[in-house]
Amino acid sequence: MPVILAIESSCDETSVAICNNGKITANVIANQTIHENYGGVIPELASRVHQQNIVPVIQQALIDANVDKKELNAVAFTRGPGLLGSLLVGVSFAKSFALALDLPLVSVNHMHAHILAHFIDEPKPAFPFLCLTVSGGHTQIVLVKDYFDMEIVGETLDDAAGEAFDKTAKILNLPYPGGPLIDKYAKLGNPLVFKFPEPQIKDLNYSFSGLKTAILYFIRKQEVENPDFIPEHLNDICASVQYSIVHILLNKLKKAAKQYGIKEIAIAGGVSANTGLREALQKTAVESAWNVYIPAFEYCTDNAAMIAIAGYQKYLKGDFVEQDVAPMSRMNF
């Protein structure tokens, strides 16, 4: 019955979780609000705040799980991909902590962990399944054959869907992080008021740079005619943008499901918390007779619970790393 402590520090959340025999018994997340002043994550500031947060977050996780550090069997951590300075804090602490307690180290790929978050709670998808992983930095359709046998069958060629949400929010003068605000205002608007072009990209790949540019030019043109266009039509703009992004995402996902003959469909990543995407996926599931799996909100954004569950599966395989392991800002899938 292994007890694993997991650390996630790939971007601007310092998170620590405890996994006890495959069950998450603690998942503590310390968010960083300092970046709101700059309209985006400042890497140097993020790494400094991680240094401030990591010890109290670990202490709180142990308290929440009612576990003493002497009861731990392994330390799992995010190796990458992510911001190198932020990763360095988590990796260095994991190595020191494991060395002091003579514990094995488990290295986890952040993107694998997002997908494996589906194995935290019931219901769990059956292999093989397709997972649409959508975040600020990634948009991928992944064919998941086993816990660590995964293949990217489609991905963005430029911007990620999460970036399209955030950049649109910036165009609309919404504070950072803007993606959740677009979701909030979209609920109050009509998604069919404004139409935006759908990129025609071959195979199962995505592109969002053209959509982002189209939204920018559209807003600029409307503001020339009416300087108050954004505040007067904010809800409808947000609803229309969200509808377009979700439509693009699901069209490729439907194509992938048909191509591979798979009915087990999952979503993961920060954008999987978007209510428009979740509702559209549920609707598509009924139309296409899919079994869909949507993670709880707390497991959508970056969190250590997903690192812990991935680390647990690696622990069972005896897949450990040595003390010379180093973080990687870019990491092969």
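Which residues line the largest cavity? In this predicted model, the lining is made up of Pro199, Ile201, Asn205, Tyr206, Ser207, Ile248 and Lys252. By residue class, the lining of the largest cavity comprises four nonpolar residues, two polar residues and one charged residue. The space inside the largest cavity comes to about 30 Å³, and the structure holds one cavity of 30 Å³ or more.

The protein is divided into domain 1, covering 3–116 + 299–317, and domain 2, covering 125–294. Taken over C-alpha atoms, the centres of domain 1 and domain 2 are separated by 28 Å. To the contact between them, domain 1 gives 18 residues and domain 2 gives 18 residues.

How much area do domain 1 and domain 2 bury between them? The value is about 1500 Å², with 76% of it on carbon and sulfur atoms. On the domain 1 side, the residues that lose the most area to domain 2 are Met111, Ile115 and Cys300, which together account for 39% of what that side buries. For readers new to such values, the accessible area lost when the parts come together is often used to give the size of an interface.

Conventions. Residues numbered from 1 in each chain as written. Predicted model: local features only at pLDDT ≥ 70, side-chain atom pairs only at ≥ 80, totals over all residues. Heavy atoms only, no water. 1 Å grid on protein atoms, 1.4 Å probe; cavity = no way out; pocket = protein on both sides within 12 Å on 5 of 7 lines; lining within 4 Å. Points joined across faces, edges and corners; volume = space filled by probe spheres on them. Nonpolar A, V, L, I, M, F, W, Y, C, P; charged D, E, K, R; others polar. Domains from an automatic or database assignment. Contact = heavy atoms within 4.5 Å. Buried area = accessible area lost by both parts, 1.4 Å probe.
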